[in-house]
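Here are my notes after a pass through the model, in the order I'd go over them with you at the screen. Have the structure open while you read.

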Amino acid sequence: MNQSTKQPFILGMDVSFMDEIEQHGGTYRDADGKEADLLTILKLNDANAIRLRIWNDPVGGFCNLERTIEVAKRIKAQGLQFLLDFHYSDRWADPANQWKPKAWENLSYEQLKLAVCTYTADVLRALKEHDALPDMVQVGNEITPGMLWDDGRVGGEEHDTDEQWQRFAGLVKYGIAAVKSVDPSIQIMIHIDRGGDNAESRKFYDRFEALGVEFDVIGLSYYPWWHGTLDALRDNLNDLAKRYGKPINVVETAYPWTLEQPEGIEWIMNQEDMLLPGYPATVEGQTRYLQDMLQIIREVPGGLGHGFYYWEPAWIPSKEEWSVGHPNNWGNLTMFDFKGRKLDSFKALAAAQELNVTTSV
């Protein structure tokens with residue numbers, strides 16, 4: 001069944017840093033300069049979904065279960081879709097870091113599977129108690145090299161073995177089973193980082209298919225300076241849709257609106273030669289990037305282009321260091337300026353939202 005016909009095209013935003021920024025005095029403004037709640041601004045500017053990451057026991061206390069419940073209640077109050085991203089770590093989980101939570105470091109593999117299952121179910125039950133269940137769950141974040149290293153590590157000469165893939169898949173299956181035990185209607189996304197890399201994407205999802213990992217949505221990160229051209233993204237999305245028949249979401253992306261670096265700050269994306277040709281580091285260039293990327297997703301065969309999430313569009317910089325252990329290197333990749341005022345690039349979402357309205361059933 002083509003699940004993409006059952007719900008609107010997702011125009012999502014990952015605002016996991018919002019809580020921390022607000023707690024330390026950061027504020028947001030619409031284009032007219034009036035201060036407003038960030039989620040309200042996003043909803044009024046055509047976003048219809050919010051993604052949050054959750055860490056087990058993070059330093060600083062943000063993105064943990066307690067704070068996730070509070071933000072999730074706000075998301076639900078706005079009537080927005082909610083995607084919860086389990087990192088299964090106390091800190092960032094990505095292709096270079098898939099480290100176990102400290103509390104799980106000495107567990108055996110069998111104990112680790114049970115920990116994944118119990119923790120996942122406990123988080124979701126807590127959210128359910130507050131009428132804040134997610135509509136979709138990621139079992140792992142950018143898990144191209146596996147997760148919960150070294151038990152679930154894959155890739156490279158040492159770990160790219162059938163045994164390691166089976167162990168990795170076993171951990172994921174326990175997470176999926178936990179989600180479905182709380183609410184079988186929650187969709188499962190499996191997320192890797194290879195938006196423009198068809199060969200590696202196929203390798204990963206072929207393995208999961210062969211190992212019987214049952215999930216609903218393919219999630220891909222796509223940052224052009226790391227993952228290739230828009231043509232490479234298009235080719236990958238189209239092939240994956242035809243090959244697996246699952247909805248696909250570009251669940252992380254971003255593009256710069258400036259290369260200006262305030263004193264004392266160095267952006268992660270800060271060079272002209274890292275830009276896509278024809279897409280300058282301006283608000284207009286960012287808008288064009290979003291428009292063209294959204295069109296690519298819309299044109300995925302079979303209507304399987306599920307939507308997208310912009311990663312941390314509101315991670316604005318501040319003189320205060322509010323991100324404990326995470327200095328802001330992203331402030332030129334946001335959709336708000338350095339003072340928290342909404343950029344005009346949100347208009348890229350308007351046309352897609354209009355299509356949601358005209359095609360809704």
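1. A definition before anything else: two strands are taken as paired if DSSP finds at least two bridges between them. Keep in mind, too, that this is a predicted model. With that cut-off, strand 10 and strand 11 are a pair, since 4 bridges join them. The two strands run parallel, and L220 sits opposite V250 of strand 11.

2. On its other partner, strand 10 is joined to strand 9 (residues 187-192) by 4 bridges, again in a parallel arrangement. Here I190 has I218 as its bridge partner in strand 10.

3. Stepping back to the whole sheet: 8 strands close into a barrel, in the order 1-4-5-6-9-10-11-12, with parallel pairing. On average, neighbouring strands of this sheet are turned by 25 degrees against each other, ignoring direction. Helix 3 (residues 65-77) packs on the sheet and touches strand 4 (49-54) and strand 5 (81-86). The direction of helix 3 makes about 175 degrees with that of strand 4. Helix 4 (residues 109-129) also packs on the sheet, with contacts to strand 4, strand 5 and strand 6 (136-139). For helix 4, the angle to the direction of strand 5 is about 155 degrees.

4. How many residues of strand 10 are buried? The count is 5 of 5, so the strand is largely enclosed by the rest of the structure. In a regular strand, side chains alternate between the two faces of the sheet. In strand 10 both faces are covered: V217, G219 and S221 are buried on one side, I218 and L220 on the other.

5. The pairing of helix 7 with helix 9 is worth a look. Their axes are 10 Å apart and the packing angle is about 20 degrees. That makes helix 7 roughly parallel to helix 9, and the crossing is right-handed. On the helix 7 side the contact is made by N198, S201, R202, Y205, D206 and E209; helix 9 supplies N236, D239, L240, R243 and Y244.

6. Helix 4 and helix 6 (residues 162-182) have axes that come within 8 Å and cross at roughly 25 degrees. These two helices are therefore roughly parallel to each other, and their crossing is right-handed. Among the contact residues are Y109, L112, V116 and L124 in helix 4, and Q166, L171, Y174 and V179 in helix 6.

7. Helix 10 also passes the length check: its 16 residues should span 22 Å at 1.5 Å a residue, and the end C-alpha atoms are 22 Å apart, which agrees. Buried residues of helix 10 include V283, Y289, L290, M293, L294, I296 and I297. Q291 belongs to this helix as well, but at 37% relative accessibility Q291 counts as partly exposed. Q291 and Q164 are separated by 127 residues in sequence and by 40 Å in space, C-alpha to C-alpha.

8. Now some backbone spots to check. The peptide bond from W149 to D150 is cis, with omega near 0 degrees. D150 lies in the loop between strand 7 (146-147) and strand 8 (152-153).

9. Two residues other than glycine have positive phi: D131 at about 55 degrees and E142 near 50 degrees. Are they buried or exposed? D131, in the loop between helix 4 and strand 6, is exposed, with a relative accessible area of 68%. E142, in the loop between strand 6 and strand 7, is buried, with a relative accessible area of 8%.

Notes:
Residues numbered from 1 in each chain as written. Predicted model: local features only at pLDDT ≥ 70, side-chain atom pairs only at ≥ 80, totals over all residues. Heavy atoms only, no water. Expected span 1.5 Å × (residues − 1). Buried < 20%, exposed > 50% of the residue type's maximum accessible area, 1.4 Å probe, protein only. Axes fitted to C-alpha atoms, helices over the stretch in contact; angles between N-to-C directions. Contact = heavy atoms within 4.5 Å. Parallel < 35°, antiparallel > 145°, perpendicular 65-115°, else oblique. Left-handed = near helix turned anticlockwise from the far one by under 90°.
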